[in-house]
Amino acid sequence: LPSLFCIPKYYSAIFLKVFGMLSSTLASSKRRLQAEHSSLIDSALNKQSVRSQALEEARARRAREKEAASAQRAASHERLLHEEEQLFLTREKGGGVLFSSELRVTALACASLHDSGASKNIRRRADKILLPSSAKAELENQPGFVKGSPSFAITANGKTTHAGLLGFGAPDQQIGLPPSILENLNIDDADVGKIQGVQVHVQYVRLPKGQSAKFQPVQAGFEERVSGGDVKAALQTELLTRCTLTAGDTLHVPSSEGATLTVRVVGAEPESAVQVVDVDLEAIVLPSEEAEAAMEAARRREAALEEARRAFEAAHPPPPSKPAPAKMQAATPESDEQQAPQPSAEERRRAALEALEKRR
């Protein structure tokens, strides 16, 4: 009988133990499932975030590409407009003739220019150039090309001058320039002597007939030192060797000492570059650069002296005048001799200037 009471307790303990184990297993499974569910949710959210970020980056990239393409199209359009404008201006400057080329100044081309000019005995060859034969075909095929006295704008080293045409005997892609053009473009003979030479830009232009020009000598005493003593005659002799005149050019006229005097072209009318062939050009000679520099130095020196005088007078004011006595006594010859005259303002100014000069 006692054993009968022990059996249910035994099975109940086993049942409770099994139930506890099952509960623990279920709880751990639930936690694992929750953790896996959370991990799946996090992974899905991460994937969605990555996908959204990739979509945003793709949209931003497409927007940037679209903006870049639009900017490139706008730049290309602006470049085409600029090229068309430059082409129109070039054609307009050339009077309907379009010629613009990059050529190289070489010693061989310059030697050909010198030989050609000397053999033809051309007087106005100081500013004439020699172009290649390819330029001849390009120019003569255009109806607006004037064979008589064509003009060209030559640009190099940030400077531009103008020249006439001597012929088309230069080697291909080369140009011959005279010494005056080389000087006005700041091109050294050493650079011309190199194998590649110096690259210049050449453009066909039509220049108006010159009406007047302003010349400024560099050295002082130009009128006294010029050969023959006639300034305008000396300038006219120099202009007879040229076809064009450009503001900023440098000319050389002979002096009475046997040397040369430098003259700069300050300006010309009606434009800054003109033709001087078969024209009555009015020559206006300005004071020399050395004379202007001396005048400017004198003005500055006088201004400095005036400023020093004012500073001296401010530092040393004149003594105040004494008030007149209430009763004036009759003047006597003795009192007039004893009373010294007071210096005037002009005398005080001169004395101050002399004191400053002695102090210096």
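Predicted model: local features only at pLDDT ≥ 70, side-chain atom pairs only at ≥ 80, totals over all residues.

I'm calling a residue buried under 20% relative accessible area, exposed over 50%, and partly exposed in between (1.4 Å probe, protein chains only). Residues are numbered from 1 along each chain as its sequence is written, and side-chain values use heavy atoms, with hydrogens and water left out.

**Entry 1: the chain**
I looked up burial, and 29% of the 360 residues of the protein chain count as buried. For secondary structure I got 10 helices and 12 strands, taken as DSSP runs numbered from the N terminus (helices H or I, at least four residues; strands E, at least two). I also checked contacts, meaning heavy atoms within 4.5 Å. Among those between residues at least 6 apart in sequence, 79% join residues at least 24 apart.

**Entry 2: the cores**
Next I went for nonpolar cores, which are sets of buried Ala, Val, Leu, Ile, Met, Phe, Trp, Tyr and Cys residues joined through side-chain atoms within 4.5 Å. The largest has 27 residues, and Leu131 and Phe152 touch the most other members. Elements giving two or more residues to this core include β1 (100–105), β2 (128–132), α3 (133–140) and β3 (151–156). The top contributor is β6, with four residues. I followed Leu131 past its neighbours within four places in sequence and found contacts including Leu103, Phe152, Leu165, Phe168, Ile175 and Val202. There is also a second, separate core of 19 residues, with Val226, Val253, Ala268 and Leu281 among them.

**Entry 3: Ser255**
Is Ser255 buried or exposed? Ser255 counts as buried because its relative accessibility is 6%. I find Ser255 in the loop between β9 and β10 (260–269). Not counting residues up to four places away in sequence, Ser255 touches Arg225, Val226, Ser227, Thr260 and Leu261.

Last, the largest pocket, with about 400 Å³ of space. Of the 21 residues lining this pocket, the closest to its centre are Arg125, Ala126, Pro178, Pro179 and Ser180. A pocket here is an open set of points on a 1 Å grid over the protein atoms alone where a 1.4 Å probe fits, with protein on both sides within 12 Å along at least five of seven lines; lining residues have an atom within 4 Å of a point. I see α2 (107–120), α4 (179–184), α5 (189–192) and β9 (250–254) each supplying at least two lining residues.

Note on methods
Points joined across faces, edges and corners; volume = space filled by probe spheres on them.
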